[in-house]
Amino acid sequence: MDNIKMVDLQTQYHRLKPEIDAAMQDVIESSAFINGPAVKQFQASLAEYLGVRHVITCGNGTDALQAALVALDLKPGDEVITTAFTFIATVEVIGLLDLKPVLVDVNPETYTIDTEQVEAVITSRTKAIIPVHLFGQGADMKKIKDIAERNNLYIVEDAAQCLGADFKTDVDTQKLGTMGNIGCTSFFPSKNLGCFGDGGACMTNDDTLAEKLRMFVNHGTKIKYYHETIGVNSRLDTLQAAILNVKLPHLDDFNKRRQEVAAFYDNAFENIEEISIPGRNPDSQHVFHQYVMRVQNGKRNALKDWLKKRDIPSMVYYPVALHKQKAFSKWMTQDISLPVSELLTEEVLALPIHTEMTPGQLEHIKNGVLSFFKK
Ligand SMILES: *Cc1c(COP(=O)(O)O)cnc(C)c1O
């Protein structure tokens, strides 16, 4: 069996090599390394693809989240609601800006925010909700939009893991990441649309917010050397934009390949009693940034070891719920209990999923998992 990887960036590169190499060479020849033409072009192409007015690129997805909270003029002590079961960055930026993270639990099937719990934690200081479209599918944006409207809250979508996924509303279909006040995404190499280093972007339909976001990621300037506010230096390199320009037209195909792998796993494991295959939100497409199943009865770690012996990698996303992280202890004063998030940290297991998986690899993984439960 050839080397199975969680994500195979090398084979994908080889498939696109002539185009990518040419695009990179063009940037190097022009030497327009910062804010070169490829950056503007990528912003325009991604905006068109997503059907959103503005895409503002920046240095990474974490900076995109930070820029969003700054652009919304949130003040120290303002409360932001999100989940305890997400990548650290979502909550980290809330703390970094001295806002107060208010963490709620997730749905045990879809792993996205449990909207039933949101209203119970809203106070007069609550300013925003950050739904995380975890592992590639949308949180329940219909309910979240309804809650936000009734309580006058902003929505910042964490769309780092779901780029390209459609969401069905009652009237139309929209891309995840374009449905809130601001959407944030990441082009980290392993994400559904990845560059060759760090990269990120904010999406918005609001012209005023777009201007604020653009200023924040560029030292608070509109005109060079005239600084109206304090900002940061967070830009998408022209080289990364050139790579993304090559890859964006392939995004739908990349996501389709991920969905095919997921369908294979679903089919292979749905009848194993001690496995729960990932549940689906019926309104959302799932573009499977990760295929995360649950392994019950305390068998997760044993399965992980079993697979490892058969050269099958697997990962635990995420091993610690964020209300249990030392970094956030200052805000978790009451002993909060989020039982679903805590259970998931014990049960979740992510199997390899990427755009280059072969039928032979999939069979090997299937047999590895089935043999564990037959032993
Ligand atoms: C990757 C990721 C981020 C942060 O993106 P970076 O580009 O790594 O800074 C934020 N939120 C989620 C859910 C992510 O998966």
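Good morning. Between domain 1 and domain 2 an area of about 3900 Å² is buried, and carbon and sulfur atoms give 56% of that area. Buried area here is the accessible area, taken with a 1.4 Å probe, that two parts lose on being put together, summed over both. Phe85, Phe135 and Asn192 supply 18% of the area that domain 1 buries against domain 2, more than any other three residues.

Before I continue, a word on the source: this is a predicted model, in which local features need pLDDT of at least 70, side-chain atom pairs count only at pLDDT 80 or more, and totals for chains, interfaces and linings use all residues. Residues are numbered from 1 along each chain as its sequence is written, and side-chain values use heavy atoms, with hydrogens and water left out.

To their contact, domain 1 brings 52 residues and domain 2 brings 42 residues, where contact means heavy atoms within 4.5 Å.

The rule finds 3 salt bridges across it, a salt bridge being a side-chain nitrogen of Lys or Arg within 4 Å of a carboxyl oxygen of Asp or Glu. Lysine 142 forms a salt bridge with aspartate 283, and their closest N and O atoms are 3.4 Å apart.

Is asparagine 192 buried or exposed? Asparagine 192 is buried, because its relative accessible area is 3%; buried means under 20%, exposed over 50%, and partly exposed in between, with a 1.4 Å probe and protein chains only.

The side chain of asparagine 192 makes a polar contact of 2.9 Å with that of asparagine 255 and another of 3.2 Å with that of histidine 289. A polar contact is a pair of N or O atoms within 3.5 Å; within protein, one must be able to donate a hydrogen and the other to accept it, and residues adjacent in sequence count only if both atoms are side-chain atoms. Leaving aside neighbours within four places in sequence, the contacts of asparagine 192 include Gln161, Leu163, Phe254 and Arg258. Thank you.
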